[in-house]
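Work through the exercises below with the model open. Each task is followed by its solution, step by step.

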Amino acid sequence: MSTTALSTKAFAQAELPDQFAFDFDSFSARMKDLAASPFQPVTFQLPEGLQGLDYDAHMRIQFRPDHGVWAKENLGYQVQAFHMGWLFKEPVKLYELMDGQAKLVTFTAADFDYHDAETAARVATVGEFPGVAGIRLNYPLNIADKYDELATFLGASYFRALGRNNVYGQSARGIVLNSWLDVPEEFPVFSEFYVEKPASADVPMTLYAAMEGPSVTGAYRFVISPPHGEQQETIMDVTARLNFRSDVKELGVAPLTSMFLFGDANRGSFDDYRPQVHDTNGLLIERENGEVMWRALNNATTLGNSYLWEANPKAYGLYQRGRDFETYQDAGAHYERRPSLRVEPTNSWGQGHVRLIEIPARFEADDNIGAFWVPEAPVKAGDEREFSYRLVWGDLNPDKNSSLAYVAETRAGQGGVSGVENAANLRKFVVDFVGGELSGLSAETPPDVVATVAGGVAQHTALSRIDANGAWRLVFDVETDGTTPLELRAYLVGLGRQLTETWLYQWRPTA
């Protein structure tokens, strides 16, 4: 039915019709109007047939692939739904976009396989579902005639995607508000999704999402380009138009969420047969001046909270370095196939900080790493902000043709000399640099070391070339007082310029 007589104000205050005209600007205007009115908490009551689903019952439910949006049209893309119930009690609306019109997509129990007769019978009494929990996008990611998951949007504003031959690891979020501060964190939600019907598999797919929360509303556009040809990565071009109902103590833009349990620098704290367990092991930042910084991740017994000042960064992201099975020895989790995720601003972000949060964790099910951009300008009620950026999901392995050497590994342990008893307050840090122009230097012409230590005293530094693999290994001992965290920074210079990434690390003493 036609809805052109409805103003955006009416849209903001009333239930949306099943079909209406849609474009990004009018959608953005509707979300802006919504921010001008007080937040109305959801008071939705799940239908009785959807109540009582526990974890096991919900995990058994599978969407029927032949019921997906566009499943029978051979467009290269398919859209499927996640079932409501269990943790997902608030309905999310899904609309199909075609020829400038948004049309509501509805689901019933017939669209799902329950693998449990009792659950199927109970849910069948509901009739048309009030919404879905979230959506997944399927695409022939790895094999031409087989549809795999490309991306999922499920829970609050969380979403994740895959490059070719990746398996799910880290996630992204639409926004972060007041994470790990002295005020409660707010979790806005994606309450509506709009999927634009693509012409074919050869063009990107466009998806829109409505964000709602006590302090903010937002209109998001995702232009998603799956892997094709030599492109292994999935690329998302994101535009976020945000409107604030109230002051926000800290806004986090383009947030990333990951897991780091242990690696070579903290393996001694875990009794585990696997050498390393992590979705990502470093925060990479490309600065406006061209410097590339690699902050190796840590999982200590105390909270890590770092603000790295930047002005218009070229990129930042959480990366997984180590693509060999032998690095992890986990035939089930396949950490060597977890995607890295890179954020590239595409409009001016000005001054601010990349914030890194490292939460103590004992189990690999805990997502304990967060990274996001914090603008310098504070957010006040009535503010509007627009952020555009590109998300790149994939292997993102170091460029073999780069002139800059990269940090291949970070190790740590008891400091001092092997074979004798050393002072307990001495810590050893070992950094391996690989590639670039550095690989052409001989052991007789070593580069120079530039290293700084805050919070401790460097006692000994050594640099050598490892004949077995060609890496240059930097080793230094640091005396600590046992209570003050160490902030470590190092890189190598030669041939009149910096030859390596800048290595950063924060060591925190045991609580």
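Two strands count as paired if DSSP finds at least two bridges between them. The model is predicted.

**Exercise 1. Find the strand order of the open sheet of four strands, then its edges.**

Step 1. The order is S27-S28-S31-S30, and the pairing is antiparallel.
Step 2. Look for strands that pair on one side only: these are S27 (406-414) and S30 (457-465), the edge strands.
Step 3. Neighbouring strands are turned by 15° against each other on average, direction ignored.
Step 4. Check one pair. S30 and S31 (residues 472-479) share eight bridges in the antiparallel sense. Within this pair, Val457 stands opposite Glu479 in S31.

**Exercise 2. Which parts of the chain does the salt bridge between Arg497 and Glu437 tie together?**

Step 1. The closest N and O atoms of Arg497 and Glu437 are 2.8 Å apart.
Step 2. Arg497 lies in S33 (residues 497-498), Glu437 in the loop between S28 and S29 (448-454), so the bridge ties together parts 60 residues apart in sequence.
Step 3. Arg497 is partly exposed at 41%. Glu437 is partly exposed at 28%.

Conventions. Residues are numbered from 1 along each chain as its sequence is written. This is a predicted model: local features need pLDDT of at least 70, side-chain atom pairs count only at pLDDT 80 or more; totals for chains, interfaces and linings use all residues. Side-chain values use heavy atoms; hydrogens and water are left out. Helices (H or I, at least four residues) and strands (E, at least two) are DSSP runs, numbered from the N terminus. Axes are lines fitted to C-alpha atoms, for helices over the stretch in contact, and angles run from 0 to 180 degrees between N-to-C directions. A salt bridge is a side-chain nitrogen of Lys or Arg within 4 Å of a carboxyl oxygen of Asp or Glu. Buried means under 20% relative accessible area, exposed over 50%, partly exposed in between (1.4 Å probe, protein chains only).
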